[in-house]
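Hi,

Here is the structure I promised to pass on. Have a look at it first, and then read my notes below.

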Amino acid sequence: MTMTTYWPALLGGGAIGLSATLLMLLNGRVAGVSGILSGLWRTGTPRLANLAFVTGLVLGPLLYRVAFGRLPEAHVEASLPVLVLAGLLVGYGTRLGSGCTSGHGVVGLARLSPRSIAAVAVFLLTAVATVAVMRLTGAS
Amino acid sequence: MTVARVLAAGSSGLLFGFGLALSGMLDPARVRGFLDVFGPWDPSLAFVLGGAVATASVGLWLSRRLPRPAFDERFHLPEARSIDGKLLAGAAIFGMGWGMAGLCPGPAVASITLGVPATLAFLAAMLAGMAIHDRKATRLGGRAGLG
């Protein structure tokens with residue numbers, strides 16, 4: 001573990017926080033990806049703005065490539081059936097729980113929302129427990 | 001107003017995606033390493049959440065002192081207050097999937113650009129999971145969440 005992994009993490013986090021700040025101060029909206037994404041098919045949402053956010057989100061890694069000359073690294077460990085099950089759980093769970101790592105994790109914690117603090121505690125603990133169980137059982 | 005709003009949302013999304021790419025959150029193996037507290041734990045990604053919450057706190061503090069956002073009549077904040085079963089069950093189900101794959105919604109969407117087939121399969125399943133919830137919620141007349 002060196003400082004070379006901590007600085008990009010901190011600065012990347014800063015960029016995400018700045019993004020959430022922009023969306024709140026300019027549009028008055030929570031930068032929660034699960035809410036914005038599902039806002040593309042729900043009624044009563046700013047659909048065009050949501051589509052613009054999602055488009056920007058997809059283009060973000062390309063901006064990274066322009067700046068650093070390569071795309072970020074990505075290694076997927078899970079097998080296809082595990083990924084599909086995980087995707088279903090993440091999609092269903094974030095909608096049932098009204099948020100994910102961004103809506104509850106970044107904006108909710110920044111607002112000191114008791115609901116978000118509870119949600120973050122639960123999803124962090126559950127995720128840590130899931131990884132631990134998979135390590136013990138050798139599942140991937 | 002609409003044009004300004006769309007440009008603001010697009011810029012916010014772009015900065016979000018760039019931040020995810022810079023932070024290391026687009027690498028599911030690293031995310032799982034961060035969650036692997038009982039294994040060779042990699043704590044570096046805690047700095048992503050720390051940096052994001054610290055920066056967003058300034059913005060949210062400012063928003064409480066402004067009468068309205070620049071391009072809208074009011075701030076749209078979640079109205080729910082109670083910590084109920086739906087919130088906790090949803091968070092637990094999400095946490096399980098996050099631990100299994102090392103992907104949450106933001107990185108899953110931003111990773112489209114990386115073109116990793118496994119991540120695209122996750123994204124398709126995630127959208128299906130969201131749609132399954134929202135169809136059921138609409139049928140039952142439930143309120144849609146804001147996260």
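One term before anything else: a residue is called buried if 20 or more other C-beta atoms lie within 10 Å of its own, exposed if 12 or fewer, and partly exposed in between, with the C-beta atoms placed from the backbone. This is a predicted model, in which local features need pLDDT of at least 70 and side-chain atom pairs count only at pLDDT 80 or more, while totals for chains, interfaces and linings use all residues. Residues are numbered from 1 along each chain as its sequence is written, and chains are lettered from A and ligands numbered from 1 in the order in which they are written.

**The two chains**

Chain A has 6 helices and 0 strands, and chain B likewise has 6 helices and 0 strands. Helices (H or I, at least four residues) and strands (E, at least two) are DSSP runs, numbered from the N terminus. The C-alpha trace of chain A spans about 45 × 40 × 30 Å along its principal axes; for chain B the figures are about 50 × 40 × 30 Å. In chain A, 61% of the 140 residues count as buried, and in chain B buried residues make up 54% of 147.

Two residues are in contact here if their C-beta atoms, placed from the backbone, lie within 7 Å. Take the contacts in chain A with a separation of 6 or more: 44% of them are between residues 24 or more positions apart. For chain B that share is 43%.

**Where they meet**

Contact between the chains involves 105 residues of chain B and 105 residues of chain A. On the chain B side, α1 (2-23), α2 (28-35), α3 (46-64), α4 (85-101), α5 (105-110) and α6 (117-139) each supply at least two residues. The largest share, 19 residues, comes from α1(B). By class, that side of chain B divides into 66 nonpolar, 30 polar and 9 charged residues. For these classes, Ala, Val, Leu, Ile, Met, Phe, Trp, Tyr, Cys and Pro count as nonpolar, Asp, Glu, Lys and Arg as charged, and the others, Gly among them, as polar.

(Axes are lines fitted to C-alpha atoms, for helices over the stretch in contact, and angles run from 0 to 180 degrees between N-to-C directions.) The crossing of α6(A) and α4(B) is right-handed, meaning that the near helix is turned clockwise from the far one by less than a right angle. Residues of α6(A) that take part include A:Phe123 and A:Arg115, and among those of α4(B) are B:Phe94 and B:Trp98. This contact has 17 nonpolar, 4 polar and 1 charged residues.

**The core**

A nonpolar core is a set of buried Ala, Val, Leu, Ile, Met, Phe, Trp, Tyr and Cys residues joined through C-beta atoms within 7 Å. The largest one has 90 residues, and A:Val106, A:Phe123 and B:Phe122 have the most contacts inside it. Not counting residues up to four places away in sequence, B:Phe122 touches A:Leu83, A:Ala86, A:Gly87, B:Ala101, B:Leu103 and B:Ala108.

**Some single residues**

A:Val120 sits in helix α6 (residues 114-137) of chain A. Why is A:Val120 counted as buried? Because A:Val120 has 23 C-beta neighbours inside 10 Å. Leaving aside neighbours within four places in sequence, A:Val120 is in contact with A:His104, A:Gly105 and A:Leu109.

A:Ser98 is not a glycine, yet has a positive phi of about 55°. A:Ser98 is in the loop between α4 (80-96) and α5 (101-110) of chain A, and is buried, with 26 other C-beta atoms within 10 Å. A:Leu112 also has a positive phi, near 55°, and is found in the loop between α5 and α6 of chain A. A:Leu112 counts as exposed, with 11 C-beta neighbours inside 10 Å.

**What the record says**

In an unreviewed entry, UniProt lists "transmembrane region" for residues 6-27, 48-66, 78-96 and 117-137 of chain A. UniProt positions are given in the numbering used here, feature names are shortened, and annotations may be inferred rather than shown by experiment. In the model, residues 6-27 of chain A are 100% helix and 0% strand, with end C-alpha atoms 31 Å apart.

Cheers
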